[in-house]
Amino acid sequence: MNKFLNRKVKPARDYRTKDTVKRTRGTAYDELEEFSSYWSSLYTARSKMERSLMYAKGDQWGDYITDPDSGESITEGELIKKQGKVPLKNNMIAPITKNIEGQFRRNVTKTICSVRDRDEAKIGEMMSIALEYSQSLNEITELDASILTMLECGGFIAQRIEFGYNEYKHMNDAWVYNVDPSRLFFNTNIEDNRGWDITCIGEIFDMDFETVVAAFSKSRSDREWLESIYGKNRFKRRSFVDGVQGYNQKYADFYTPSDADLCRVILGWKLESRDAYFYQDMLDGSWGFVGLNEVDKIEQINRQRIQEASLAGVAEEDILLIEYEFKVERYWYYRYLTPWGDVLQEGRSPYWHGQHNYVFHAYPLIHGQIFNFIEDFIDQQRSINRTMTLIDFIRSSSAKGLVVIDEDAFNSMSREEIVDEYVRYNGVLFCRLKAGKDIRSVITQLNGAGAVQGDYELLSLQLKLINDIAGVNSAMQGKEPSSGTAASLYAQQTENASMNLKGLFDSFKSFRKRRDLKLMQTIQQYYNSPRYIELAGKDYSEESKYYNPEKVQGAQLDIELTEGTNTPTFQMLENEFLMKLFEMQAINVKTLLENSSLPFASKILESIKRAEQEMAENQSMTQMDPALMQQISSYNPGLIGKMMNDANASPQDGIVQAA
């Protein structure tokens, strides 16, 4: 681990010359430098994030200060140890972040896709099932809980959505990935926390050479080309003593990979522009952009329409033509680059939504500056740690059980005998008191004060303040209220405490809504074959579980996040309401079981359905077609009489008419 990496210097590639490169797909040096400058400009934001993470999860004495003796920079913990004290800490930030994560996991929400045309309600229901399936496949709750903690510590987050093959799942589908802020870059002149003014965004990847070959080569010559870029002789994989401690993220570099055996790949999206013509076809309502050299095609189509309309006798003013005008087209363009500017892959956005595949969010973003949730009470945490360390130092250096003895009063005993007798159980000391003295003036035990007066009150005040600043009080943490506290008052205290976190949760909800919208659009584009999705439970009709891409791909859909119905409280209320309806005979037992969330409801419902099916089959066997009976009677008149006689029936025949 090198702490002194020069982030302005590209990695050397001495083995590469123009002669060794087999072929290239072009270079993009200017774009590479632009991406690098954006990543470097986020250094302060990343440093603030690392400090907040350090206080939330790591070493709270890791801030660097100047040693007054040597003038060197050392950590606060090292300076405290140098002074002979123990750097104690009581992490009060970790319970706050855990409580916020618990609040998020408890408040279950559900994403609903709605169509703009009311006649296509089933399409929205069908898309909701597909989106719920994709969220379950991606374990979206775990991703969101993890990135919510990152939002608290860093103030900005991003997720990447793409469709392709996942080696872990061994399937093609839409996938969601959390982006580590240490690998993310974007244009830093943003002012909109929704990310609507993002014009450049990207990520740096570290992958082994075979992964690079699998992603960007289509032939043997492509492998040779990649070998000429990254080199044939790869470094051996290193094993770190302090693995998974965040060193690769904390000391990340734009050009150099974290491990010597890995290859650095930079993905960058830019909002680019070109001179073009904007057209709108008045015949079918289609619209779009065409290049300046393609306007002749539009003119040719218009001339053909005019000619056909004239032959049909249509007035010139009634002819529906393609109208166009000069405009500047804005479009998203992506590039996969090497650290030396080689273009591994590039192109316009392949997605129907026409954007990049990232979802960016910053909270709070105020006046062009990104803050984070944790930094508001770092100073309070430092005061708590310092007070605890001070109290511990005072207690360790104060007198504890010190015995003061008038040695002249015990002239008949040696010092060792006095000490042994003093600490012995039921010990006896013989002393000769002088006139005017009592035993308390001869032998006295002293205990110094445990701490400076007021230190404990100061510590209690600081512990209270940090919870007040964070907005997580005892009621929100679920602690037992004091005796005499009314239930309504305790509930009101919990509700009031959540108001301090409402901004954080609502902001994160906005991010999730935009993420689900882009995920839905990706599914809408790439789910191009029918499929049956049995993952929606009882909230949707059976018809909607059959995903039909022909209906979904042309629909205009919107996203809305609603409160989930799979919480224990909601399920209990639902079951109680269904039981009341059943007792009032407003519903039958099948309706009760179909809508109930009881764990055994599905099993009982299946048993009832099997019994009904068997009964229906037996009834169909006893009901014979009259024409068939007449035909049998014509051949054997006595057979019908035996069949209708109950005396000839047996238990193996099924249902009998009389016992």
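Okay, some ground rules. The model is predicted, so local features need pLDDT of at least 70 and side-chain atom pairs count only at pLDDT 80 or more, while totals for chains, interfaces and linings use all residues. Residues are numbered from 1 along each chain as its sequence is written, and side-chain values use heavy atoms, leaving out hydrogens and water.

Let's start with the helices. Helices here are DSSP runs of H or I, at least four residues, and strands are runs of E, at least two, numbered from the N terminus. Find α2, residues 43–57, and α6, residues 140–154: they pack at about 115 degrees, axes 8 Å apart. The axes are lines fitted to C-alpha atoms over the stretch in contact, and angles run from 0 to 180 degrees between N-to-C directions. That makes α2 roughly perpendicular to α6, a label for 65 to 115 degrees. Who touches whom? From α2 it's Lys-48, Met-49, Ser-52, Leu-53 and Ala-56, and from α6 it's Met-150, Cys-153 and Gly-154, with contact meaning heavy atoms within 4.5 Å.

Now the backbone. Most residues other than glycine have a negative phi, and most peptide bonds are trans. Yet a cis bond joins Tyr-363 and Pro-364, with omega about -10 degrees. Pro-364 sits in the loop between β12 (358–362) and β13 (365–366).

Then two histidines. His-170, between β4 and β5, has a positive phi near 55 degrees. His-367, in the loop between β13 and β14, has a positive phi of about 55 degrees. His-170 is exposed at 59% relative accessibility, and His-367 is exposed at 82%; exposed means over 50% relative accessible area, with a 1.4 Å probe and protein chains only.

Terms used: Angles under 35 degrees count as roughly parallel, over 145 as roughly antiparallel, 65 to 115 as roughly perpendicular and the rest as oblique. Buried means under 20% relative accessible area, exposed over 50%, partly exposed in between (1.4 Å probe, protein chains only).
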